[in-house]
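Subject: Structure handover

Hello,

Here is the structure for you to look through. Please open it alongside this message.

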Amino acid sequence: MATAQLSHSIKIHKKSKETVFPSQITNEHESLIMVKKLFATSISCITYLRGLFPESSYGERHLDDLSLKILREDKKCPGSLHIIKWIQGCFDALEKRYLHMAVLTLYTNPKEPEKVTEIYQFKFKYTKEGATMDFDSSSTSFESGANSEDIKKASVLLIRKLYILMQNLGPLPNDVILTMKLHYYNAVTPHDYQPPGFKEGVNSHFLLFEGEPVNLQVGLVSTGFHSMKVKVTTEATRVSDLENNLFQENSTTEIAHQGLDFDEEEEECNNHIQRMNFAYSQQSSESSRKKRKVSEPVKVFIPDRK
């Protein structure tokens with residue numbers, strides 16, 4: 001049933017000493033570990049609270065006072081095994097500093113994969129400058145050197161916001177298909193590179209959205225070596241019960257050009273927000289920006305979640 005989305009609340013463990021992220025970030029290796037864990041935790045949060053996989057596919061970890069569900073190998077659930085392989089493939093691309101963006105997409109019609117119902121974007125950058133925390137929510141921001149405590153606060157806040165958002169989204173359609181496209185930095189990525197679990201994908205910015213889309217900015221965390229930005233696009237009716245505007249971009253029910261968050265210079269060129277209720281001209285959209293190398297995995301069909 002469509003109501004299969006889990007209505008779990010955040011459990012509080014005040015005295016737990018377990019942690020998800022490293023206690024300090026002093027070099028690029030520690031930063032990479034943190035970003036990997038932040039990415040895997042975010043994907044786990046999304047799949048768990050959207051009711052995509054059974055309870056047996058998750059283990060429990062703690063982040064400060066939060067009890068988190070983290071994906072683990074569950075041989076009884078092939079779909080969750082595929083997602084874990086996708087995450088591991090992203091890790092490989094992150095280690096090589098190739099990965100520009102991972103886009104987790106849900107759609108309902110196997111014959112129309114371009115007609116999406118929910119999008120989760122994870123955009124990565126690699127730097128060696130001082131760390132900055134710049135959240136799309138105007139109420140919270142950090143600017144400092146590579147301060148481990150600030151980085152941890154930013155990471156915890158991002159996960160909290162993601163949990164709140166997932167708990168307030170209306171249910172998905174009964175049957176959904178899950179896929180993840182990886183976009184790369186062309187200048188440094190070998191033409192024949194494919195991470196484990198992925199194959200060469202079709203690079204097309206041609207997307208349709210079922211219903212009226214709303215663009216939700218979750219946040220951005222930077223360590224001084226890496227940064228990860230998270231954005232969610234979903235059907236407007238699924239956020240009707242979300243009382244605050246911490247996530248919603250410009251308080252509109254519109255999303256950026258083609259729904260995908262590319263480089264800032266491209267974003268500024270397309271700063272006029274466009275609706276995705278209709279099909280853009282594929283010719284004009286393809287010519288408006290140069291193509292990136294893209295990878296995609298085997299699609300995962302998730303039927304009638306109960």
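Below is what was found in it, from the whole chain down to single residues.

**Overall**

Please keep in mind that this is a predicted model. The protein chain has 306 residues, and 54% of them count as buried. Its secondary structure consists of 5 helices and 13 strands. The accessible surface is about 14000 Å². Carbon and sulfur atoms account for 50% of that surface. Take the contacts between residues at least 6 apart in sequence: 75% of these join residues at least 24 apart.

**The nonpolar cores**

The largest nonpolar core has 69 residues. Within this core, the residues with the most contacts are Phe39, Phe122, Phe124, Leu178 and Met180. Helix 1 supplies the largest share of the core, with 11 residues. There is also a second, separate core of 6 residues. Among its members are Met101, Val103, Leu207 and Phe209.

Three of the names above come up again as rings. Phe39, Phe122 and Phe124 are linked into a cluster by ring pairs.

What does phenylalanine 124 touch, once neighbours within four places in sequence are left aside? The list is Val35, Phe39, Leu94, Leu99, His100, Ala102, Tyr185, Ser227 and Met228.

**Aromatic pairs**

The model contains 6 aromatic pairs. Two tyrosine pairs are described here.

Start with tyrosine 48 and tyrosine 58. Their ring centres are 4.9 Å apart and their planes stand at 65°, so the pair is edge-to-face. Tyrosine 48 sits in helix 1 (residues 28-49), while tyrosine 58 belongs to strand 1 (residues 58-63). The pair therefore ties together parts that are 10 residues apart in sequence. Tyrosine 48 and tyrosine 58 are both buried.

Next come tyrosine 98 and tyrosine 193. This aromatic pair is edge-to-face too, with 4.9 Å from centre to centre and 75° between the planes. Both partners lie in loops. Tyrosine 98 is in the loop between helix 2 (78-95) and strand 3 (99-107). Tyrosine 193 is in the loop between strand 7 (176-184) and strand 8 (199-200). Because of these positions, the pair ties together parts that are 95 residues apart in sequence. Are these two tyrosines buried or exposed? Tyrosine 98 has 15% relative accessibility and counts as buried. Tyrosine 193 has 9% and also counts as buried. The cut-off for buried is under 20%.

**A hairpin and a loop residue**

Strand 1 pairs with strand 2 (residues 66-71) in the antiparallel sense, over 6 bridges. Arginine 61 has leucine 68 in strand 2 as its bridge partner. The two strands form a hairpin with 2 residues between them. Aspartate 64 is in the turn and has a positive phi of about 55°.

Arginine 97 has a positive phi as well, of about 65°, although it is not a glycine. Arginine 97 lies in the loop between helix 2 and strand 3. At 28% relative accessibility, it counts as partly exposed.

- Leucine 182 is in strand 7. It has 0% relative accessibility and counts as buried. From leucine 182 to glutamine 194 is 12 residues in sequence and 9.7 Å in space, C-alpha to C-alpha.

- Asparagine 215 is in strand 10 (residues 213-222). Its relative accessibility is 0%, so it counts as buried. The side chain of asparagine 215 makes a polar contact with the side chain of threonine 233, at 3.4 Å.

- Glutamate 296 is in strand 12 (residues 294-296). At 11% relative accessibility, glutamate 296 counts as buried. Residues up to four places away aside, glutamate 296 touches Met180, Lys181, Phe198, Lys199, Glu200, Gly201 and Val202.

Best wishes

Terms used:
Residues numbered from 1 in each chain as written. Predicted model: local features only at pLDDT ≥ 70, side-chain atom pairs only at ≥ 80, totals over all residues. Heavy atoms only, no water. Phe/Tyr/Trp six-rings, centres within 6.5 Å; stacked < 30°, edge-to-face > 60°. Helix = DSSP H or I, 4+ residues; strand = E, 2+ residues; numbered from the N terminus. Buried < 20%, exposed > 50% of the residue type's maximum accessible area, 1.4 Å probe, protein only. Pairing = 2+ DSSP bridges. Contact = heavy atoms within 4.5 Å. Areas by Shrake-Rupley, 256 points an atom, 1.4 Å probe, with all protein chains shown as cover. Core = buried A, V, L, I, M, F, W, Y, C linked by side-chain atoms within 4.5 Å. Polar contact = N/O pair within 3.5 Å; in protein donor to acceptor, adjacent residues only side chain to side chain.
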